[in-house]
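User: Please take a close look at one hairpin in this model and the strands around it. Then set that part in the context of the whole chain.

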Amino acid sequence: MAGAPRAKADTLALRRRLLSASCRLFYPEAPVKIVRGRGQYLYDEQGAEYLDCVGNVAHVGHCHPLVVQAAHEQNQVLNTNSRYLHDNIVDYAQRLSETLPEQLCVFYFLNSGSEANDLALRLARQYTGHQDVVVLDHAYHGHLSSLIDISPYKFRDLDGQKEWVHVVPLPDVYRGPYREDHPDPAVAYADEIAAFFAESLPSVAGQILPPVGYFSLVAQHVRRAGAVFVADEIQVGFGRVGKHFWAFQLQGEDFTPDIVTMGKSIGNGHPVACVATTQAVSRAFETTGVEYFNTFGGSPVSCAVGLAVLDVLEKEQLQTHATCVGSFLMELLRQQKEKHPIIGDVRGVGLFIGVDLVKDEATRTPATEEADYLVSRLKESYILLSTDGPGRNVLKFKPPMCFSRDNAQHVVARLDAILTGEPERQLHRSPECSMVCG
């Protein structure tokens, strides 16, 4: 029988004693103890309700009853590995194949996005016979050693760039070398690339939307060099962009990656991930004679959960919902941009949105301390938001897909109130003041 709930201070003390300091908390100066979730809301130990604007893992909503039920029912019957025949794994692969271009017809199931990207790297190297990888600046592809090596976001603070890793400019038309006034930024960025591994919409880099046509041009370079294009959809796939099921489809019908990785949202919090690729890439991998086996990947429970997430997306029309609510939120935020000079750019699609905060409209200097202050103040209003980008100045919106128009109005109203109500000296202050005010 469970004992009395542990006090927040006691939980924090135990965590500090038992977990590494490298396992960081949100809001480290004043952590939130979350004990329950439902839909787009999280609840602390006192019962206070927080609006979750960044919980993209809970794709169809925290603790969605149909997803919970699917896991529970399958757990009562069987949960074993994929070496036995079972309907769930082939049903799930079939359902996923219906969302992808027909060339992407072979599936591998895993437990996490990091595992998926690591396997994608192995597939690409076996197929091409080459080692070198080109990645976007500020990219992050996972926490395994193989992926830290291809993640500038991480390796610059560790061992540095390996000789086989090549970093190309982030296709950022707001802050990058080729901006919104360039006649053809897609061509300008693509002309610098030979092989490629990228998020379809760079997330950690600051909620970036590559110019349309960029991936197609990159793919031409890549394939002429005998290499492959890997699209990392772990943060942005499964209908989040609204217009399409996959973010890479924003680049146009003439573009299809050679490998697609997916994770996070596909299990709604359950550890599920997947790699989809072509027959040619898969057959090259098979020639090694080495079996690919993942103990928990593709288990009956994991696949039951994955199928339930797809069912909810379809039944609740969440992809259409993402377009509707995302467009509404973007319009509200653009109205704020006209009102508040600190908002330099509002960009996004569906429920993947970034608000780029700047100290100066002309220089576009990242407003890092101001962004941190806003996140802290929003938390005081029971709104959970965070920042991304090299300057940690981009407010990121990646909420559960059930996020509503009312939620959008509420968040933007609070943002406006903070920006309007605080004296200018508080929004443009020193890091020392940030520590006090945060």
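Analyst: **A hairpin and its neighbours**

β14 and β15 form a hairpin. Five residues lie between the two strands, and Gly389 in the turn has a positive phi of about 95°. Helices (H or I, at least four residues) and strands (E, at least two) are DSSP runs, numbered from the N terminus. Two strands count as paired if DSSP finds at least two bridges between them.

The model is predicted: local features need pLDDT of at least 70, side-chain atom pairs count only at pLDDT 80 or more, and totals for chains, interfaces and linings use all residues. Residues are numbered from 1 along each chain as its sequence is written, and side-chain values use heavy atoms, with hydrogens and water left out.

**Around β15**

Strand β14 covers residues 386-388 and pairs with β15 in the antiparallel sense over three bridges. Thr387 stands opposite Leu395 in β15. Strand β12 (residues 352-357) runs antiparallel to β15, and four bridges join the two. Here Gly354 stands opposite Lys396 of β15.

In general, strands of a sheet pair through backbone hydrogen bonds, either parallel or antiparallel. Side chains of a regular strand alternate between the two faces of the sheet. In β15 (residues 394-397), Val394 and Lys396 point one way, while Leu395 and Phe397 point the other way. All four are buried; buried means under 20% relative accessible area, exposed over 50%, and partly exposed in between (1.4 Å probe, protein chains only).

**From β12 to β11**

β12 also takes part in a hairpin, this time with β11. Two residues separate these strands, and Gly350 in the turn has a positive phi of about 60°. The pairing is antiparallel over six bridges. Val349 stands opposite Phe352 in β12. Seven of the seven residues of β11 are buried, so β11 is largely enclosed by the rest of the structure.

On a 1 Å grid over the protein atoms alone, a cavity is a set of points where a 1.4 Å probe fits but cannot get out; a pocket is an open set with protein on both sides within 12 Å along at least five of seven lines, and lining residues have an atom within 4 Å of a point.

The lining holds 19 residues, of which Leu209, Lys243, Leu250, Gly348 and Val349 lie nearest the pocket centre. α11 (318-339) and β11 (343-349) are the elements that give two or more residues to this lining. α11 gives the most, with five residues. By class, the lining divides into ten nonpolar, seven polar and two charged residues. Ala, Val, Leu, Ile, Met, Phe, Trp, Tyr, Cys and Pro count as nonpolar, Asp, Glu, Lys and Arg as charged, and the others, Gly among them, as polar.

**Other strands**

Strand β10 (residues 273-277) is mostly covered, with five of its five residues buried. Ala273, Val275 and Thr277 are buried on one side, Cys274 and Ala276 on the other. β4 (residues 106-110) pairs with β10 in the antiparallel sense over five bridges, and Leu110 stands opposite Ala273. β9 (residues 259-262) pairs with β10 over four bridges, also antiparallel. There, Thr261 has Val275 as its bridge partner.

An open sheet of four strands has the order β1-β2-β3-β13, with mixed pairing. Its edge strands are β1 (34-38) and β13 (383-384), each pairing on one side only. β3 (residues 49-52) and β13 are parallel, over two bridges. Leu51 stands opposite Ile383.

Helix α4 (residues 113-128) has 16 residues. The expected span is 1.5 Å times one less than the number of residues. For α4 this gives 22 Å, and the end C-alpha atoms are 22 Å apart, which agrees. Its buried residues include Ala116, Leu119, Ala120 and Leu123. Just after α4, Gly129 takes a positive phi of about 75°.

**The whole chain**

The protein has 15 helices and 15 strands. Its radius of gyration is 22 Å, close to the 22 Å that the globule rule gives for 438 residues, so the protein is as compact as a globular protein of that length. That radius is taken over C-alpha atoms, and the rule is 2.2 Å times the number of residues to the power 0.38. The C-alpha trace spans about 65 × 65 × 45 Å along its principal axes. Buried residues make up 55% of the 438.
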